[in-house]
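Hi,

Here is the structure I promised to send over. Have a look at it, and then read on for what turned up.

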Amino acid sequence: MSSAERRYKREKVDIRVRLRRWEEAESAASVMRSCELSEGGMSVYAPDPLEVGTFVMVAFSLPPEEKALRLRAVVRNRRGFRCGLQFVDPPAAERFAIMRYLGTIAGAAGS
C-alpha cells in the first residue's frame, strides 16, 4: 500500500514493544522493537512468526511521560520479520496519547 493510500500518516520510531497473542492471555510476552507508528497501528520487527489475521495485545510507552499503553491489534501484513499491526477499537485516551506523541515528533522533524 502506498503512503497516499494510507488512512493515517506514519512516523518512524524506535519503541520497545511487548506483544503476546490475544488468545494466550497468560503467556509471556515477546519483546520487540517498533519501526513505525501511526494513529491506526504500528510496524514491528517480530522474530517469532505472526500470521496475518492473528489478534495480539501490544504494550508500549511513549516519551516523555512514559505512560504505558495497552492496545489490541491484528496482524495485517508481514514481510520477513516486519509485521504491520492495525489497532482494534483503541480507547480514546490511548489514541489521544499516540496523536500527541506523533505531533511532537513530526514537529521536531520539521524544525
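Strands here are DSSP runs of E with at least two residues, helices are runs of H or I with at least four, and both are numbered from the N terminus.

Before the rest, a word on the source: this is a predicted model, where local features need pLDDT of at least 70 and side-chain atom pairs count only at pLDDT 80 or more, while totals for chains, interfaces and linings use all residues. Residues are numbered from 1 along each chain as its sequence is written, and side-chain values use heavy atoms, with hydrogens and water left out.

Back to Ser43, then. Ser43 has a relative accessible area of 3%, so it counts as buried (buried is under 20%, exposed is over 50%, partly exposed is in between, with a 1.4 Å probe and protein chains only). Leaving aside residues up to four places away in sequence, Ser43 touches Arg10, Arg33, Ser34, Cys35, Glu36, Arg82, Cys83 and Gly84; a contact means heavy atoms within 4.5 Å.

As for the overall layout, the protein chain has six strands and one helix, in the order β-β-β-β-β-β-α from the N terminus. It has 111 residues, and 36% of them count as buried. Take the contacts between residues at least 6 apart in sequence: 55% of those join residues at least 24 apart. The accessible surface of the protein chain is about 6,700 Å², with 52% of that belonging to carbon and sulfur atoms (Shrake-Rupley method, 1.4 Å probe; for residues, only the protein chains shown count as cover).

Now the aromatics. The structure holds one aromatic pair. The ring centres of Phe60 and Phe87 are 6.5 Å apart and the planes are at 20°, so this pair is stacked. For Phe, Tyr and Trp (its six-membered ring), a pair needs centres within 6.5 Å; planes under 30 degrees apart are stacked, over 60 edge-to-face, and the rest tilted. Phe60 lies in strand E4 (residues 55–62) and Phe87 in strand E6 (residues 82–87), so the pair links parts of the chain 27 residues apart. Phe60 is buried at 3% relative accessibility, and Phe87 is buried at 6%.

Last, Gly53, in the loop between E3 and E4. Gly53 is partly exposed, at 39% relative accessibility.

Cheers
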